[in-house]
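Work through the following exercises with the sequence and coordinates open. Each task is followed by a stepwise solution.

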Amino acid sequence: SSACNQAPPFNFSRQRDREALSYWSIDRFIDWSRPAVSEIKFRMISRAYMSSARLIRLPAATRCLAPSVMPVQLQRGPARHATHRPFSQRTATDSSALNTRQMVAAAAAAAAAAAGVLAYGTSSRVRCDAKAPAPTDPIVVNPILPPLVVDTGGDSAGEMSPEELRLEKKAQKAKKHGGGLKLFSGNGNMALAMEIASDLGTNLGKATVSRFADGEVNCMIHENVRGKDVYVIQPTCPPVNENLMELLLMVSTLNRASARRITVVIPYYGYARQDRKMQARVPISAADVARLLEAMGIDRVIAVDLHCGQIQGFFGPRVPVDNLDGGVVGINYFGDKDLHNPVIVSPDAGGVYRAKKFKEGLSHKFDMKDVGLAMIIKQRARAGSVDQMDLVGDVEGCDCIVVDDMIDTAGTLCKAADVLVEKGARRVFAFASHGLFSGPGNDRIANSKLEECVILNTIPSSPQRAANEKLTELSIAPLLAQTIFNIHARKSISALFK
């Protein structure tokens, strides 16, 4: 209302402008003293509201509306003054004056309901009476706002004709491709993107991401995204450069199509292991990828278990990064297992914090008081090859869970399992958010001393992985879908991990 008092030129395609409006302020745009002009302006504003509609109940809302629902500001003459007198003192003239404006008020309420900005409750300027819907009354569920039911004066008045039901179903179907939220996906992990869309109750946006004859990426968006909040789901997993280029070009295409905000959902962040200079004349590739994405014009990043937390700092302050903890999915899985004296093991010094969080989550959520913590110190001969391993901690007679962020060639993990078994471990499990399994990784897991290896579906599966009996794949889609919903609804993300 404060924004309305300043009377700025509102842009109905901007979500914050729609939220700043309440439907009683429509009269600020309409000169009710000039009926001809008022009719034209009212139709224009109603059409503007409908164009940005996220919730459509026009057939039911345009029916007879109770007088108490009509806003004071839309009343004129005796009707306006009548609302300031007690109901018992209102005359028949007052009631008739109110009834003459019911259809106008009903249309205004329907337009405001379609824009999702109808105020709830009661105030000195607005009165809205809502009741529970009838069991047979179809409702279009809005993913952001609670369902709105307009009092139509009785069950009989609220019934819809077959034509209205057909329009209602058509609007409900159109909602999956409309609204303020759009989901798009490249070819990186289409199965995960479809699962996220299913959890959100929407459909993936229509787009073409293919190759020209010479191998160049062809990207085309087939939907209107002007003024929309767009989420692009694309992990930069192998083939890394192909998937990264697809992501960059999709972001560029959406920006040129006037998307309001672009959030990239990167379940697996490629080049994350090159996060610092370990020797002379090498790049910091993780920072370079961040600058590429930022230069394309992204507004937010959602990632899962970045290799190092400082990667968040490679993006500027105008591009917030949400680094989701995939361990919460693994905690729920291992908490249901019958573990004996569980010990959480970090395969290197850099992963101690991750293992500690996994231990605390397991202890808190499943009331396990005897969860231990251990660490393996490894000395690498070169990248991808481990020379020596030493264990810090006691694992004799315990069930060990090796927690890491990714499994590449599985050489480190399999040697860690051998060391733990030699030190007297009862059983050895492994959990990682990203299962790359490059080269002989899958065969090493199958022939290792691991009891079970649990991974998330941040990277698309393969027939070889599906045939490995020791591999178990959990879905990260519910966590990502809830994160997208919370961001779009301006809710907390940290609450998901408490």
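**Exercises on a predicted model**

The protein chain of this predicted model exposes about 24400 Å², and carbon and sulfur atoms supply 53% of that area.

**Exercise 1.** State what share of the 498 residues of the protein chain counts as buried.

Solution. Buried means under 20% relative accessible area. By that cut-off, 49% of the 498 residues are buried. The chain has 18 helices and 14 strands. Among contacts with a separation of 6 or more, 67% are accounted for by residues 24 or more positions apart.

**Exercise 2.** Determine which residues of helix α10 (residues 190–200) are buried, and explain why they lie on the same side of α10.

Solution.
1. The buried residues of α10 are L192, A193, I196, A197 and L200.
2. Because these residues cover an arc of only 135 degrees around the axis, they are on the same side of α10.
3. The face turned away from that buried side carries A191, M194 and S198, which are exposed.
4. The cover over the buried residues of α10 includes β1 (181–185), β4 (229–233) and α18 (477–488).
5. After α10 comes G201, with a positive phi near 75 degrees.

**Exercise 3.** Classify the crossing of helix α13 (residues 327–335) and helix α14 (residues 352–365).

Solution.
1. The two axes come within 10 Å and cross at roughly 50 degrees.
2. Therefore α13 is oblique to α14.
3. The crossing of α13 and α14 is right-handed.
4. On α13, the contact is made by G327, G330, I331, N332, F334 and G335; on α14, by K357, F358, G361, L362 and K365.

Definitions and conventions. Residues are numbered from 1 along each chain as its sequence is written. This is a predicted model: local features need pLDDT of at least 70, side-chain atom pairs count only at pLDDT 80 or more; totals for chains, interfaces and linings use all residues. Side-chain values use heavy atoms; hydrogens and water are left out. Helices (H or I, at least four residues) and strands (E, at least two) are DSSP runs, numbered from the N terminus. Buried means under 20% relative accessible area, exposed over 50%, partly exposed in between (1.4 Å probe, protein chains only). Contact means heavy atoms within 4.5 Å. Accessible areas come from the Shrake-Rupley method with a 1.4 Å probe; for residues, only the protein chains shown count as cover. The arc is that of the directions from the helix axis to the C-beta atoms. Axes are lines fitted to C-alpha atoms, for helices over the stretch in contact, and angles run from 0 to 180 degrees between N-to-C directions. Angles under 35 degrees count as roughly parallel, over 145 as roughly antiparallel, 65 to 115 as roughly perpendicular and the rest as oblique. A crossing is left-handed if the near helix is turned anticlockwise from the far one by less than a right angle, and right-handed if clockwise.
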